[in-house]
Amino acid sequence: MRGDPGPGLADRRPDATPRPGAARRPGAIRRLAGLGGLLAAEWRAYRLLVRVAFREAAQYRTSLALRSLTEAVATVLDLATIGILFAHLPALAGFSLAEVAFLYGTSALAFAVAEAFVGPVDRLGWHIRDGRFDVVLIRPVGVLVQTATMAFAPQRVARVAQPAVVVVVSAVALPVQWGLDRIALASGMIVCGALIAASAFVATAAVLFVAPDATVAVSASTQGSALAARYPMTVYGHHLALLLTIVLPIGFVSWLPALYILGRPDPLGLPTFLRFASPAVALLTAGAAAFAWRAGVRRYRGTGS
Amino acid sequence: MTDTDENGLHPVAIEVDGASKTFVQRRRAHGRGLRRERLDVHAVRDVSFTVRAGEIVGYLGPNGAGKSTTIKMLIGILTPTAGRLRVAGLDPARQRLALARRIGVVFGQRSTLWWDLPLRDSFELHRHLYRVPDGQFRANLARFVEMLDLGPFLDTPVRQLSLGQRMRGDLTAAFLHDPAIVYLDEPTIGLDVVSKAAVRAFLAEKNREQATTIMLTTHDTADIEQLCQRVLVIDHGRLGFDGDLATLRDRLGAERTLIVDLADPRPPLTVTTPGARVVRVDGPRQWLTFPARASAAPLIAEIAARYPLADLSLREPPIEDVITRLYTRGTTPKPAAEAAAT
């Protein structure tokens with residue numbers, strides 16, 4: 001699934017595709033049905049454009065293979081960092097190697113999935129600069145779907161492999177009982193985490209509507225959050241950890257639900273129910289991202305630059 | 001063909017009513033530290049016109065006059081600062097996606113095709129995005145391939161096409177979904193003569209066949225002369241003229257040029273035909289101008305009677321001259337709203 005349904009609606013109106021019989025239905029239901037229809041249409045367009053990106057990349061087969069390999073190898077270097085840490089320390093902020101690996105794996109997987117789906121949105125600034133964004137606004141497809149696929153890099157998908165392996169290996173190594181609750185929570189946290197990360201990508205990229213030159217800053221901030229989410233929040237100290245968890249909701253990507261899976265008390269002393277709040281947080285961030293994106297599109301159409 | 005109403009008029013395709021677009025520019029003020037100056041740029045000011053279904057309208061004006069801004073507002077890329085626009089009965093700013101299926105757009109300087117895909121695949125993708133029924137798509141594509149001679153490069157990636165080939169591809173994409181209205185922003189810029197002719201013939205044919213409403217901006221005289229029944233002229237954001245080309249020439253007192261080749265070099269000819277005068281002499285060849293609305297016959301007769309004539313040719317006033325006159329005069333020949341009503 002593509003992460004966030006909300007922003008796909010950017011400037012779509014429910015009346016864009018009138019359906020027969022729709023007029024007889026009450027307003028709210030009609031709106032919902034219209035919304036569902038639009039989401040389905042956008043999702044179809046998304047898949048189509050991603051297939052095209054793969055086809056375009058297939059023209060340079062060797063290049064694609066090499067790049068995919070590079071991406072995969074680069075992620076292995078991330079892993080080496082953790083290996084080096086534990087070669088010198090018995091535990092990181094009180095967490096064992098398996099626990100840190102689990103935290104790392106789940107958050108890295110969530111970010112990698114989000115990156116695979118909406119990563120190219122950070123190229124928006126380039127598209128605006130060289131005028132290609134006007135072409136986006138000509139087509140009968142939502143702005144987000146097109147922006148997320150315009151510079152789609154199939155090799156990025158290879159980044160999913162390493163964290164997926166780490167999650168499985170660390171899950172087996174963890175000294176916990178894998179009951180239904182833990183399995184459900186673990187898969188739920190990856191889906192919600194991906195949604196939160198995708199929303200963060202989209203919301204940050206919306207800044208590019210205001211400052212198209214800020215591409216590097218936007219990439220840095222999204223890569224930074226991806227990096228920050230990989231370690232136990234407590235390594236950042238109490239205040240920064242609170243900030244990262246509550247204000248920027250990256251603590252919800254894996255940290256809080258993982259505490260439940262690891263059977264640990266919260267070092268920050270946050271209420272226990274927050275460990276299960278990821279879906280709600282995901283919906284909230286998706287809503288905020290949709291709002292930011294729509295505001296960005298509106299601004300672009302107001303200023304034309 | 002489009003139906004007409006009780007007055008014999010075609011339905012309204014494009015309606016622009018008092019549209020304005022103001023951009024706010026901020027630039028650093030000199031000697032005031034980080035303070036920035038706010039500068040309002042009025043790209044389009046209070047423009048009104050109506051285009052009926054089946055018309056081909058040339059939208060003219062110098063660079064930066066507000067042509068592209070108007071087109072972008074009509075597509076829904078830009079929202080107007082003030083005024084009202086209706087295209088195919090829809091509000092482009094609020095119903096951009098619904099409108100997108102009913103219009104076609106060609107930007108001469110920017111392709112809407114997929115760079116790394118063969119032309120054929122770009123069309124296929126276009127079919128899906130615009131949800132063109134299969135039969136309609138195949139019939140249209142077959143016809144366009146024939147009309148624009150796309151066959152030889154249908155399987156070539158767009159990045160390897162020449163400018164003329166690419167433009168023919170873009171033109172095909174813009175018309176594949178049978179849009180009611182098509183905007184073209186400088187469709188012939190940089191093209192060779194053959195490609196230009198192909199583009200013009202295609203536009204004329206689509207207009208005749210399906211009454212497609214066409215609005216194009218161009219700097220090419222021949223585009224206007226061969227295609228446009230009507231021209232709109234915009235300058236500094238304001239609509240300066242709305243009418244046919246002959247009226248525009250006439251109203252601006254444009255001049256036609258008679259080029260005379262004499263048997264041998266002579267000093268400038270003296271002619272008595274009213275308004276005619278020699279403007280240039282080069283050996284046996286002389287250039288005479290006379291008012292565009294006057295007939296060339298008396299002048300030719302006079303010269304033929306008095307001088308040994310080897311050859312002669314007649315030139316219509318170049319549209320560039322006509323437009324230059326319009327701008328330099330600084331006065332509007334006739335208020336746009338009034339002209340639109342006639």
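Student: How many bridges join strand 8 of chain B to strand 9 of chain B, and do they run parallel or antiparallel?
Tutor: 5 bridges join strand 8 to strand 9 (residues 238-243) of chain B, and the two strands run antiparallel. Helices (H or I, at least four residues) and strands (E, at least two) are DSSP runs, numbered from the N terminus. Two strands pair if DSSP finds at least two bridges between them. Please note that this is a predicted model, in which local features need pLDDT of at least 70, side-chain atom pairs count only at pLDDT 80 or more, and totals for chains, interfaces and linings use all residues. Residues are numbered from 1 along each chain as its sequence is written, and chains are lettered from A and ligands numbered from 1 in the order in which they are written.

Student: What do strand 8 and strand 9 of chain B form?
Tutor: They form a hairpin with 2 residues between them. In the turn, His236(B) has a positive phi of about 50 degrees. Asp235(B) has Arg238(B) as its bridge partner in strand 9 of chain B.

Student: Which strand does strand 8 of chain B run parallel to?
Tutor: Strand 3 (residues 56-60) of chain B runs parallel to strand 8, joined to it by 4 bridges. Tyr59(B) is partnered with Leu232(B), and Val57(B) with Arg230(B).

Student: How many residues of strand 8 of chain B are buried?
Tutor: In strand 8 (residues 230-235), 6 of its 6 residues are buried. A residue is buried if 20 or more other C-beta atoms, placed from the backbone, lie within 10 Å of its own. Arg230(B), Leu232(B) and Ile234(B) point one way, while Val231(B), Val233(B) and Asp235(B) point the other way.

Student: What is the order of the strands in the sheet?
Tutor: The order is 5-6-7-3-8-9 in chain B, an open sheet of 6 strands with mixed pairing. Strand 5 (103-107) and strand 9 stand at the edges with a single partner strand each, so one side of each is left without a neighbour in the sheet. On average, neighbouring strands are turned by 15 degrees against each other, direction ignored.

Student: Which strands does helix 5 of chain B lie across?
Tutor: Helix 5 lies across strand 5 and strand 6 (181-185) of chain B, running at about 165 degrees to strand 5. Axes here are lines fitted to C-alpha atoms, for helices over the stretch in contact, and angles run from 0 to 180 degrees between N-to-C directions. Two residues are in contact if their C-beta atoms, placed from the backbone, lie within 7 Å.

Student: Now to helix 3 of chain B: which residues are buried there?
Tutor: In helix 3 (residues 119-129), Leu119(B), Ser122(B), Phe123(B), His126(B) and Arg127(B) are buried. Seen down the axis of helix 3 of chain B, the buried residues fall within an arc of 145 degrees, so they line one face of the helix. The arc is that of the directions from the helix axis to the C-beta atoms.

Student: What do those buried residues of helix 3 of chain B pack against?
Tutor: They pack against helix 4 (134-148) and helix 5 (163-175) of chain B. Just after helix 3, Arg131(B) takes a positive phi of about 50 degrees.

Student: And how many helices and strands are there in chain B?
Tutor: Chain B has 11 helices and 13 strands. Buried residues make up 40% of its 342 residues.

Technical notes: Buried ≥ 20, exposed ≤ 12 C-beta atoms within 10 Å, placed from the backbone.
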